[in-house]
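Thanks for making the time this morning. I would like to walk you through one model, going from a single side chain out to the chain as a whole.

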Amino acid sequence: DLGVLSLCDVVLNHTAFDSDWLANHPESTYNPGNSPHLIKAVILDLGFRWLSNYVQNGFFDLPNPVTTIAHVHKIFDFFRHQMLPKLYLWEYYAIDVEKAKKEFSDYLASNSFKLNTNGVKHSFANTDERVQLVST
């Protein structure tokens, strides 16, 4: 009726990044040390931090203040074409598929391979069964 829209997001199991609890127990939060899959997110976040600094300080002829959609497009294009490639995020996804399949198949074919299911250890009777598992 009043033309007011309100949204409230309450997440009770979160804590502030600078809380005493996290300062005393850093292992209880996600970080690149205990969650290495987050490293690429940290790198991307640093890229955005650098971009913010570039915009704030008028580097690379980036608009400041950002007041139009054309400014947003210019900043996005700069990030996409100039900064993103220099973060080398593609390296986290580069894999030689054939080499990885062969290494995995060789591992399965080795005598050291054991499948652990519900606490019961299984091993394949022969190498052919192990390699067949990887091929399917």
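This is a predicted model: local features need pLDDT of at least 70, side-chain atom pairs count only at pLDDT 80 or more; totals for chains, interfaces and linings use all residues.

Let me begin with a question: does Lys101 count as buried, exposed or partly exposed? Lys101 counts as partly exposed, because its relative accessibility is 49%, where buried means under 20% relative accessible area, exposed over 50%, and partly exposed in between, with a 1.4 Å probe and protein chains only.

Residues are numbered from 1 along each chain as its sequence is written, and side-chain values use heavy atoms, with hydrogens and water left out.

Lys101 forms a salt bridge with Glu98, with the closest N and O atoms 3.9 Å apart; the term stands for a side-chain nitrogen of Lys or Arg within 4 Å of a carboxyl oxygen of Asp or Glu. Lys101 and Glu98 are separated by about one helical turn, because they are three residues apart in helix α4. Helices here are DSSP runs of H or I with at least four residues, strands are runs of E with at least two, and both are numbered from the N terminus. Glu98 is exposed, at a relative accessible area of 55%.

By this rule the count comes to four salt bridges, and helix α4 holds another between Lys102 and Asp106, which are four residues apart, about one turn of the helix. The closest N and O atoms of Lys102 and Asp106 are 2.8 Å apart. Glu103 and Lys99 also form a salt bridge, at 4.0 Å between the closest N and O atoms.

Which residues make up the largest nonpolar core? There are nine: Leu51, Val55, Leu62, Ile75, Phe78, Phe79, Met83, Leu87 and Leu89, a nonpolar core being a set of buried Ala, Val, Leu, Ile, Met, Phe, Trp, Tyr and Cys residues joined through side-chain atoms within 4.5 Å. Both α2 (39-56) and α3 give two or more residues to this core, and the largest share, four residues, comes from α3. If we leave aside neighbours within four places in sequence, Leu87 is in contact (heavy atoms within 4.5 Å) with Ile43, Leu44, Gly47, Trp50 and Phe79.

Turning to the loops, Asn64 sits between α2 and α3, and with residues up to four places away in sequence not counted, Asn64 touches Val55 and Gln56. Tyr92 is in the loop between α3 (69-83) and α4 (97-109), and Tyr92 counts as partly exposed because its relative accessibility is 40%.

Finally, the chain as a whole. From the N terminus on, its elements run α-α-α-α-β-β-α, and of its 136 residues, 13% count as buried. As for pLDDT, the predictor's confidence in each residue from 0 to 100, the mean for the chain is 78, and 74% of residues reach 70 or more. Among the elements, α3 has the highest mean pLDDT, at 94, whereas helix α5 (residues 127-135) has the lowest, at 47. Over residues 129-136 the pLDDT is below 50, although this stretch has 14 contacts in the model beyond near neighbours in sequence.
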